[in-house]
Amino acid sequence: MAFPLHPDFLKSAQKPTQFPADSGREVAFSGRSNSGKSSAINAITARRGLARTSKTPGRTQLINFFEIDETLRLVDLPGYGYAKVAAAVRQEWRVLLEAYFRERTSLVGLFITVDVRRGLNDLDQVMLAWSRGANVAAAILLTKADKLSRSARLQRRRVIAMTLPEDLPLILFSVPGRLGLDEARDQLLVWLGKVGQRERSQ
Ligand code: GDP
């Protein structure tokens, strides 16, 4: 399936007053630093370089907004879990993200990128809890699935699923292997209310 939408960079926000107007629908991406979040955004939207892969992870705690049209947005949340980040920056991340989940009524879906070999860490669980608390649907992208054999990645998904709510989609995902791409796009289009468009593009 070709991805039918064309997001463009809108703005970065360091604090809630800089968020764009809270109208329409938006879908956010979160994930541990180096989990493949930026690569996933670029692959799903078929826009190389839309989300920038950070060379100094965790320095700047910015939320990046991308506009699809006046009512629909994608959101790249700051990566987390980078060991060398100072406690003050970690606290900033927590305050900003908590405000985002609490305030953002247009947020309808959250993708969490998780390296399939590592599984969810504490901060992934925090993101999941915040999304559940805000009544926001979530899905996990189990990234870098090409690093494991087919049987090993299916086994990893089974093990990871055991600790998670049954209704949480776990999508095995690989950028070079193009694995899970259609499934992730389908989920995104459903959250954005673009299911009709998806069907036309198939
Ligand atoms: P982010 O920090 O979470 O945004 O992660 P990036 O998207 O920058 O990816 C971190 C590293 O993992 C980069 O070197 C990517 O090339 C690599 N990577 C991302 N996705 C995949 C994947 O599906 N397969 C493989 N083998 N490597 C990947």
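1. Asp22 and Arg104 form a salt bridge, with their closest N and O atoms 3.8 Å apart. The term means a side-chain nitrogen of Lys or Arg within 4 Å of a carboxyl oxygen of Asp or Glu. This pair links distant parts of the chain, 82 residues apart. Asp22 sits in the loop between strand E1 (8–13) and strand E2 (25–31). Arg104 sits in the loop between helix H2 (87–103) and strand E5 (107–115). Helices (H or I, at least four residues) and strands (E, at least two) are DSSP runs, numbered from the N terminus.

2. A word on the basis. This is a predicted model, in which local features need pLDDT of at least 70 and side-chain atom pairs count only at pLDDT 80 or more, while totals for chains, interfaces and linings use all residues. Residues are numbered from 1 along each chain as its sequence is written, and side-chain values use heavy atoms, with hydrogens and water left out.

3. Arg104 is buried, at 6%. Buried means under 20% relative accessible area, exposed over 50%, and partly exposed in between (1.4 Å probe, protein chains only).

4. Lys37 and Asp76 meet through their side chains in another salt bridge, 2.5 Å from N to O. Lys37 belongs to helix H1 (residues 37–45) and Asp76 to strand E4 (residues 72–76), so the bridge ties together parts 39 residues apart in sequence. Lys37 is buried, at 10% relative accessibility. Asp76 is buried too, at 6%.

5. Arg132 and Asp167 form a salt bridge, their closest N and O atoms being 3.3 Å apart. Arg132 lies in helix H3 (residues 122–133). Asp167 lies in the loop between helix H4 (150–162) and strand E7 (170–172). The pair therefore ties together parts that are 35 residues apart in sequence. Arg132 is partly exposed, at 41%. Asp167 is exposed, at 56%.

6. One network deserves a look. Salt bridges with shared partners join Asp22, Glu26, Arg73 and Arg104. How many salt bridges does the whole structure hold? The search finds seven.

7. Helix H1 is mostly covered, with eight of its nine residues buried. Among them are Lys37, Ser38, Ile41 and Ile44. The buried residues of H1 pack against E2, E4, E5, strand E6 (137–143) and helix H5 (181–191). Contact here means heavy atoms within 4.5 Å. Just after H1, Ala46 takes a positive phi of about 55°.

8. The ligand is surrounded by 15 residues. A residue counts as near when one of its heavy atoms lies within 4 Å. Asn34, Ser38, Ser39, Asp146 and Val175 are the closest. By class, the shell has two nonpolar, eight polar and five charged residues. Ala, Val, Leu, Ile, Met, Phe, Trp, Tyr, Cys and Pro count as nonpolar; Asp, Glu, Lys and Arg count as charged; the others, Gly among them, count as polar.

9. Which atoms do the ligand oxygens approach? An N or O atom in the side chain of Ser39 is 2.5 Å from a ligand oxygen. A backbone N or O atom of Val175 lies 2.8 Å from a ligand oxygen. A polar backbone atom of Gly36 is 3.0 Å from a ligand oxygen. Taken alone, the ligand exposes 580 Å², and the protein buries 73% of that. These areas come from the Shrake-Rupley method with a 1.4 Å probe.

How values were computed
Polar contact = N/O pair within 3.5 Å; in protein donor to acceptor, adjacent residues only side chain to side chain.
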